[in-house]
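My entries follow in the order of looking.

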Amino acid sequence: MSRQTGSTSRPDQDIPEPARRIGRWLLAFAVLGGVAAWAVHLVVAWGVVELACARGHTDVAGVPLKAVVAVATAVPALVAAAALLTCWRLWSRHLRDDGDRRIGRARFLAHLGLWLDGLAVLMIVFGAVAVVVFPPC
C-alpha cells in the first residue's frame, strides 16, 4: 500500500462520526455515571427522609417512607452498577493500549472510572444497609 506524503494514518479514521460521538458519551457515562447515581441517591433518599421526618410523616404521598427510600436506593444502585460494568467492558475490551495518545487518555479515564464507580456502588450499598438496619425517623 502506498502512502501519500504529508498524510498521517490514524486508527480512528475509519470510524464514522456517529460512532465516535456515541463512544464519547459512553465513556462519559462509564466514568461519571456511578458518581452521579450516588449523588442522586444521597439527595433523593436522604433528603426525602429528612423532610418527611421533620414534618412528622411516615409516608410520602401515601407510600411508606421505607419503600420510597428503598426505591431511591435501588434505582441509583442499578445505574452505578451499569456504569461500573460499562467501564470494565471499555477498559478491558475496547481500549487496548496501542500507543495512540487519545486511546491512552481514554484508557486512563476508564481506569479512573472503575475506581469511582466501585466506590459509588459501595457507598450506595452501605446506604441500603442503613435503610434496612435503622428506622427512617
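I took contact to mean heavy atoms within 4.5 Å. On that basis, among contacts between residues at least 6 apart in sequence, 75% join residues at least 24 apart.

Source notes. The model is predicted, and local features need pLDDT of at least 70, side-chain atom pairs count only at pLDDT 80 or more, and totals for chains, interfaces and linings use all residues. Residues are numbered from 1 along each chain as its sequence is written, and side-chain values use heavy atoms, with hydrogens and water left out.

Fold. I took helices (H or I, at least four residues) and strands (E, at least two) as DSSP runs, numbered from the N terminus. I found three helices and two strands, in the order α-β-β-α-α from the N terminus.

Burial. I called a residue buried under 20% relative accessible area, exposed over 50% and partly exposed in between (1.4 Å probe, protein chains only). Of the 137 residues, 25% count as buried.

Cores. A nonpolar core is a set of buried Ala, Val, Leu, Ile, Met, Phe, Trp, Tyr and Cys residues joined through side-chain atoms within 4.5 Å. I listed the largest one as L27, A30, V31, C87, L90, A106, A110 and L114, eight residues in all. Helices α1 (17-54), α2 (65-94) and α3 each give two or more residues to this core. A second, separate core has seven residues, among them A45, A52, L65 and V69.

C87 and D117. Beyond four places in sequence, C87 touches A30, A110, G113, L114 and D117. I then turned to D117, which lies in helix α3. What does D117 touch? Not counting residues up to four places away, its contacts are A30, V31, G33, G34, V35, A80, A83, L84 and C87. D117 is buried yet has no salt bridge (a side-chain nitrogen of Lys or Arg within 4 Å of a carboxyl oxygen of Asp or Glu). The nearest side chain of opposite charge is R89, 14 Å away; Lys and Arg count as positive, Asp and Glu as negative, and His and the chain ends are not counted.

K66. I placed K66 in helix α2. K66 counts as partly exposed because its relative accessibility is 38%. Apart from neighbours within four places, K66 is in contact with V131, V132, F134 and P136. K66 and C137 are 71 residues apart in sequence but 9.7 Å apart, C-alpha to C-alpha.

F126. I found F126 in helix α3 (residues 101-133). F126 counts as exposed because its relative accessibility is 51%.
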